Amino acid sequence: MISSPKLNYISLFSSAGVGCYGFKLENFNCIATNEIIERRLQVQRYNNKCKYESGYISGDIKDQKTVQKIFEEIERWKKNEGMAEVDVLIATPPCQGISVANHKKKNEKNRNSLIVESIKLVSQIRPKFFIFENVRSFLNTICTDVDGVDKKINEAIEMNLGGEYNILSKIMNFKSFGSNSSRTRTVVIGSRKNLNDITPYDLFPDEKSEKTLKEVIGHLPSLKNMGDAAVSDIYHNFKPYAPHMFEWIKNLKEGESAFDNENPDLRPHRIVDGKKICNENKNGDKYKKCSWNKVAPCVHTRNDILSSQSTIHPVDNRVFSIRELMLMMSIPNSFRWTSVNEDELNLLSKTEKRKFLTKQEINIRQSIGEAVPTEIFRQIAEKIKKKLLKEHSTIAQINYIIKKEDLSVSKNFVDFIKKNKAVYDLPEVLKISELANTKRQDHAAYYTRQDICFSLINELPNLLNKDEINILEPSVGAGNFLPLLFKKYKHAKKINIDVIDIDKNSITILKEILGITKIPKNFHLNFLNDDFLLKKFSKKYDIVIGNPPFGKIVQSKELLNKYKEDKFNQRTNNIFSFFIEKASRLGDAVALISPKSLLSAPEFNLTRELLTEYNFKAIIDYGEKAFNGVKIETIGLIFDNNKKKDQNVKIISYINNSVNILDQNYIFDKKLPVWVIYRDNFFDSIFQKLKFNVFNVFRDRNITKKHTNSQGEIRVLKSRNINNNKIVNIPQYDSYIKAKDLNNFSVSKFLNNNNCILVPNLTYNPRACFLPENSITDGSVAILTPKNGDKINKKHLEYFSSDEFKRFYMTAKNLGTRSLNIDSNFVYFFGIKQ
């Protein structure tokens, strides 16, 4: 049997390696681990974390020498171990400037900016996944970003990494996710966008039943004497403290604090110059015994003293032992704190044990208090491993299965799902379902991957304060959005989802597919086999989300007329335009996948005019990356029907892996004929210096290869013939028609018009020349004619071939690859210098 390949990780601010020990338990290789405190790093060596000694990197991550050592280890693993790339990067930067437990906060912005060093490394290394963990208030804390601007950490993460990663943050109390103590933290997980069908939701730990303190440590023997340790466990020890404090806590019961003692002399205090000064109880849980029947308290770094937060055993008059703390933090017994074997330590005399603990205990206790519970990271590692190492069927394999099992028949597919629930995971079943649906082409419906669904759902409002949330999926298909909606709104009070599909078989199959996933109890699904565009709705929805069909209605004029009823845009036959109009009326928030041509095509001019009045939250440019095997450019639109002005819009680009925030009025500028989502200062500089809206445009699509010959009186120029201010002759390419056939084509009206400019149509390499005598063009060339009598010269045309204009034109085209026609909108951008 061939063993599975090992995955790998890098750990930053790793302390003693307690948290990322969970990755070791799941058989991950540690490429490099960075910690500034040498004694913490030494603990990692005891646990054989790294294969190479050079992988243990002690130093400040802000020091370029430290960063260089990390990159050297990556190269070492690529050279020596055949590693292709880094799988996971973990960063748990210090939180003293953020934590509510720190009452000595000063200006910690520079310390908080350590997260920016992590962001920079993620950006440079490009691991498949990254994990950030810190205190609850982490994301709202100010840091100094890579651009030198102070901003919230959440914004810094999103702006720097959101272009390349799908990112999800959760505030979690680890006690509900497999750890044995209360610890409310923020966890941020990013999954690289080229990892198809993987989302951060897939990687967070599962919710589990909470354990009481007694269930966790109640089996350990009681310790009564200071300095003692259990005979068989040196780490189950009674740490000594000032004897006078014993009187303060000896009579306390579970849950009681020494500050509640009736006798003032038994309340925590200190003597200064002979006077008793009472101590403050800032957090309300100092000198307080914990309760057996509650979840273990949060473990802090100062877990060695009575005066810290929730450190006292429920019965014994002592702080929790190291072993108890390990159990509370789900640290397994296999974790080593020293080079000496634990069995050997237990054979030491009492004196030798106390000597050992005196030297090692503070480092151990602080390491535990700084750590992420091992079980939390172990679960994340396990989930990453399952996702990355699972073998998925290829399209060819899926098509073979579809043919073999005749899965295009609805009943066969339902039977197939019932028999193979344990074989295929949900994304694979969804993919098989879409490929087996022979009507998907008729309905212009394509398989929407889970990572693409995530990109939309992650931008939806939380709405968790509402008593009831109503969601509509207007073209549900195989239900690709539903699993992530279940996860996002799992903790909402009540969710009603109406799912609609015009295809009855899709609804039947969807019901069976949902048997694979767990539907939370707070969700109610209403299945509707109906035409969304014709259905009359009696209510509005909080959210409308989906991937509606694209394409024009050409088969039924009667149906087209019905779809157009009460629509603002009557000039298009594209079914998507009707979907988005109706969705905008029904939903308070709308999230839809759209053809990218919506940004600019003349047929959507009125649709854009309508949508401009809405409040856009985000536009996601997928380019051609949304649908595997389908060459179509798409975008994601997320907006609400609050008609506000001056709204910032998040532009997320899969093309250049970027996130930008732009003013809605800026990208929807009414002076422009299209929406320009990549608009920037460079674009504006060109826009200000040129005169635009100079030309009309014409293209003759009727001339095809069957009409042309290699000889003739009238030359037919094609795109490759056009160069900068000249015509290029190309053997076996040049075409002609006979003069007697000229009047068969509308382009004949431009014959010998020396004021016509020729520009190749489908290109990012614009160039122009004047129309020569006895020549016309086919549809691959656009003919531009001045509108207002402007005198066009060769210098004007030469500019269209310049790098400056190309860059400007690409921006105007929104970096498109398919919608490159020079139509009545895009001809606007062929400006001339005044």
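Colleague: How does the lining of the largest cavity divide into nonpolar, polar and charged residues?

Modeller: This is a predicted model. The lining of its largest cavity holds nine nonpolar residues, seven polar and one charged.

Colleague: What shows where empty space is left?

Modeller: A probe the size of a water molecule, rolled over the atoms, shows it. Here the count is six cavities of 30 Å³ or more. The largest has a volume of about 110 Å³.

Colleague: Which residues are closest to the centre of the largest cavity?

Modeller: Phe13, Ser14, Gly19, Thr92 and Val372, out of 17 lining residues. Two elements each give two or more residues to this lining: β1 (8-12) and α11 (350-370).

Colleague: How much space lies in the second largest cavity?

Modeller: About 60 Å³. Its lining includes Lys596, Glu633, Lys813 and Phe826. By class, that lining has two nonpolar, five polar and three charged residues.

Colleague: Now a helix. Which residues of an α-helix point the same way?

Modeller: An α-helix has 3.6 residues a turn, so residues three or four places apart point the same way. Now take α18 (residues 504-513). Its buried residues are Ser506, Ile507, Ile509, Leu510, Glu512 and Ile513.

Colleague: What covers the buried residues of α18?

Modeller: The cover includes three helices, α14 (410-419), α15 (426-436) and α17 (482-488). Strands β15 (495-501) and β16 (523-529) also belong to it.

Colleague: Which residue caps the N-terminal end of α18?

Modeller: Asp503. One of its side-chain oxygens lies 3.1 Å from the backbone nitrogen of Asn505.

Definitions and conventions: Residues are numbered from 1 along each chain as its sequence is written. This is a predicted model: local features need pLDDT of at least 70, side-chain atom pairs count only at pLDDT 80 or more; totals for chains, interfaces and linings use all residues. Side-chain values use heavy atoms; hydrogens and water are left out. On a 1 Å grid over the protein atoms alone, a cavity is a set of points where a 1.4 Å probe fits but cannot get out, and a pocket is an open set with protein on both sides within 12 Å along at least five of seven lines; lining residues have an atom within 4 Å of a point. Grid points are joined across faces, edges and corners, and a volume is the space filled by probe spheres set on the points. Helices (H or I, at least four residues) and strands (E, at least two) are DSSP runs, numbered from the N terminus. Ala, Val, Leu, Ile, Met, Phe, Trp, Tyr, Cys and Pro count as nonpolar, Asp, Glu, Lys and Arg as charged, and the others, Gly among them, as polar. Buried means under 20% relative accessible area, exposed over 50%, partly exposed in between (1.4 Å probe, protein chains only). Contact means heavy atoms within 4.5 Å. A polar contact is a pair of N or O atoms within 3.5 Å; within protein, one must be able to donate a hydrogen and the other to accept it, and residues adjacent in sequence count only if both atoms are side-chain atoms.
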